[in-house]
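Student: I have the model open next to me, could you take me through it?
Tutor: Gladly, go ahead and ask.

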Amino acid sequence: MKRIKGMDILKYVFLIIVCFCSAFPFYFMIVGATNSSVDIIKGRLFFGTNLWANIRKLTQTVHLGRAFWNSLRNATVNTLASLFVCSLAGYGFQIYREKGKDTLMSLLLLSMMVPFATIMVPLFRMFSTLRLLDTTAGFILPTISTAFLIFFFRQSSESFPIETVQAARVDGLGEFGIFFRIYVPIMAPTFAAAAIVTFMSAWNNYLWPLIIMQSQDSQTMPLLITGLTAGYTTDYGILMLSVTITTLPTMILFFTQQKRFVEGVLGSVK
Amino acid sequence: MAQRTLTKRINRVGWLFVIPATVFIFVLNFYPMVSAFLLSLQSGRGNNLKYAGLRNYARLFQDEMFLTSVGNVITYLVIQVPIMLMAALVLATLLNDPKLKGKSIFRTFIFLPCATSLVSSAMIFKSFFSIDGLANNALMALGILKSPLSWLTHPVWAKFVIILTITWRWTGYNTVFYLAGLQMIDRSIYESARIDGASSSRQFFMITIPLLKPVILLTTIMSTNGTLQLFDEVRNITNGGPGIATLSISQYIYNLSFIYNPQFGYAAAVSYAILVMVAILSFIQIKAGGKR
Amino acid sequence: MKRTLYIALTLLLVMTAVFGAGKGEVKPVTTDPDAPVTLTVWCWDPTFNIYAMNEAAKVYAGIRPNVTINVVETPWDDLQQKLITSLSAKATGNLPDIILMQDNAIQKNVMTYPDAFVSLTGKMDLSQFAQFKVDVGTVDGKNYGVPFDNGATGTFIRRDIIARAGLSVGDFTDITWERFIELGKIVKQKTGIPLISTVANEPDFMMIMLQSAGTWMFDSQGKAYIKDNPVLKEALRLTKEMVESGVCLLVPDWNAYIATLNNGTVASTINGCWISGSIQAEKSQSGNWAVTNTPKLGKIPSSVNYSSQGGSGWMVMANSKHPDVAIDFLAQTFGGSIELYETILPTSGAIATWLPAASSSVYSMPIEFFGGQPIYEDLVSYAGKVPNVKYGVFNYEARDAVARALSDVMQGGDIDTALATAQKSVEFLMME
């Protein structure tokens, strides 16, 4: 019994150290939001009294609500579309696996292997010709279907039992019916993880939104934040505040979804 | 996985699942990529581009900045990816333990780094490793250092800081994937192993890792890809410095496109060099991990 | 249930695409001089450039009420990316009428995309601007930039700290860098405080030194002039000595640099005059600062006590539908309104490069933060003495290469070898 206890303590200590290291910059960020710029530069580590002043200054300096809404809308639509399109594809590549599809999957993986800056100019020209500049569709189309997400769903589907599919077919379910009624519920953890990382990526997306944005009305949060650092003098208080606000949606999504990592499949279907 | 043959009809429906995502990628990724490849066969500044065949690719081998950036990125890759993935695996396994208390708190904390804005994290890391920063103070207090080390102006230690930043930032991210993957492993397998007397580490190596293979392969390819295309961390922490000691390939492409005189043809060639490297490494990883 | 979800999602996607339809309609160009005109301006920094542009808009509204100035905040990095992407994609429909451009980048952009910018020669009188600023915006004899932000350098000193070492501001006036280092050693010895700080791995000091001698990293034929450049060699030698002797403190990035000023960690700084805004942010130091001119290179005869760092100018884009209105706007405000410069100086510290503005009484006001010294008057007089230098097309390549040479030298490398490597590096990038 003693030996097990020792291991347990070790585990907790290890986890606590990891948590401390992970959270420190986050803590700095939140503390910064409550301090004045000068104090932050001096390295102040404790909560201050400047939060309200920072909020006022931030809302006076930039269109916070508009940028937040733009980011939220773009990221949400992007995530829903991506989950839909890529899960179908990942499922398809795995459950209906055969040589042709395997080759196609490998080919699609190539699409992730070139830095975005490389395809940016041809993409811009395309979207400009199609008059999609400054539209929501313009913002999100390039990132709806990613080889990464397709690959993720395919890999995760490897542990989805094929017998279940076959049994469902015998029961008379159509292929799409199997996907929506059986696969999606069982693979909830995968969808949760995919939702979180896709949302985070879409929310933090910088380069493409920068290029496609043509008017201030479409500004997103990451672009707004860069604007705050672009002057000769940066107000670190409002910068930290805006950065904290930017982090919130992802963290909220994470918090609500992460239960699924544990719930898993109680009484799993076999 | 039981082998089964697909009937023609089922196979056709299977293609229907796959086609929407594929079409998107073909139109929005492959078409510009082909455009970029054609661009890589041209050289010149701005819009004065002339056909140059494979000259850009030949130029790569004489390009000291390019070769240095490749060396930098491979250094990051070789050191950082294995450490990060191992750490993520260990963390995910620990967090998957049903007996562990405070799981959701731990999980949230571990995910924080990749959600924390890079602006904030970069400020911390830079301050931490500055001459009068915490790292130096702590190491000197412990007697390991006699005088402050200028981490960010030292060609080797600057790389160390970058590797540390990347590992810090992305371990939690990969932990999320492993946690999701662990959910698909039936707990009864672990139960019967425990009854048979297998220790935790045996269970880890004999059950967890083999069953997580598909997801491990995914994270390996993604991390390799991510590190070879590294940009944000380097730009924000060292900006490629000192000199070009931490310069990444993507940063070089960025410089070639937007900071220096725009040489999009050459920049495209550098991009395709990245593609070749990632493709080769991914191919090796798929072959190595694909055996079932 | 799932099927309805599927349908709903598809509808959502379609609706978003349809209702977010592009705003790309082209407005017909009118020739009626009083018809309403909107000029779009891209620039950055709400407290400095954007503020100045908005004030200029107010001034112009009094002259031409039918013109609206629409300022779009665009950070410099972003501006470069958007500009170059649009020009490369040959999709210039959404580019603005006027942009702000860093001096360092004007030559590069004009020479790479010669048809993208409107030449101001013959359309606007630039003779009243500080000559060195006009020069950086001139390519092949044609002017493209309206000088705005003054980058004339000064030595900003904490007179209270140097007083503790028995020194005064006069000791730092009209001196050489060698003398500056000597004084720095004295200050360090008597107060323990380094005299100056700089961002590690940045070539700022060397750029200041180069311009003070009227040279740059390229010769008059545009060839890289790094390897056998005596000014650069001196610059490297002096910078290395400054750091190694403890006179100069290296910091990891920009905000750490500002912190050294605000925290009193260093006793001075040498930078473009726009640094005064950051210095004045720390109210508790009011009264303790002073400004004097820049050290010169003792061993280089052509070096003077004046130089420049940073700075930007306004440019008119060729895709503009109203280039003449844009030019007139700039001419009447930044090139013709003393009132504008009087307004923006006290609030933002934006110092004119348009010399008539400097004759305004606002400029000779004593500034309490600087102990009553009329710093703006002094800084504008410095601007008049800055040597002209052509930054050249490959400016950024050369800057990076020289920064690298500095890093090599700081690691113990030999100066000549480091410069030779830098030269090779730049020549490689200059190859097509």
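Student: How many salt bridges are there between domain 1 of chain C and domain 2 of chain C?
Tutor: The count is 0 salt bridges between domain 1 of chain C and domain 2 of chain C, where a salt bridge is a side-chain nitrogen of Lys or Arg within 4 Å of a carboxyl oxygen of Asp or Glu. This is a predicted model, in which local features need pLDDT of at least 70, side-chain atom pairs count only at pLDDT 80 or more, and totals for chains, interfaces and linings use all residues. Residues are numbered from 1 along each chain as its sequence is written, chains are lettered from A and ligands numbered from 1 in the order in which they are written, and side-chain values use heavy atoms, leaving out hydrogens and water.

Student: Where do the domain bounds fall in chain C?
Tutor: Domain 1 of chain C covers 37-151 + 309-359 and domain 2 covers 153-214 + 226-307, with bounds that come from an automatic or database domain assignment.

Student: And how far apart are the C-alpha centres of these two domains of chain C?
Tutor: The C-alpha centres of domain 1 and domain 2 of chain C lie 30 Å apart. The contact (heavy atoms within 4.5 Å) takes 9 residues from domain 1 of chain C and 10 residues from domain 2 of chain C.

Student: Changing topic, how many cavities of 30 Å³ or more does the structure hold?
Tutor: The structure holds 10 cavities of 30 Å³ or more, a cavity being a set of points on a 1 Å grid over the protein atoms alone where a 1.4 Å probe fits but cannot get out.

Student: What space lies in the second largest cavity?
Tutor: About 90 Å³ lies in the second largest cavity, and its lining residues (those with an atom within 4 Å of a point) include F139(A), W203(A) and P209(A).

Methods: 1 Å grid on protein atoms, 1.4 Å probe; cavity = no way out; pocket = protein on both sides within 12 Å on 5 of 7 lines; lining within 4 Å. Points joined across faces, edges and corners; volume = space filled by probe spheres on them.
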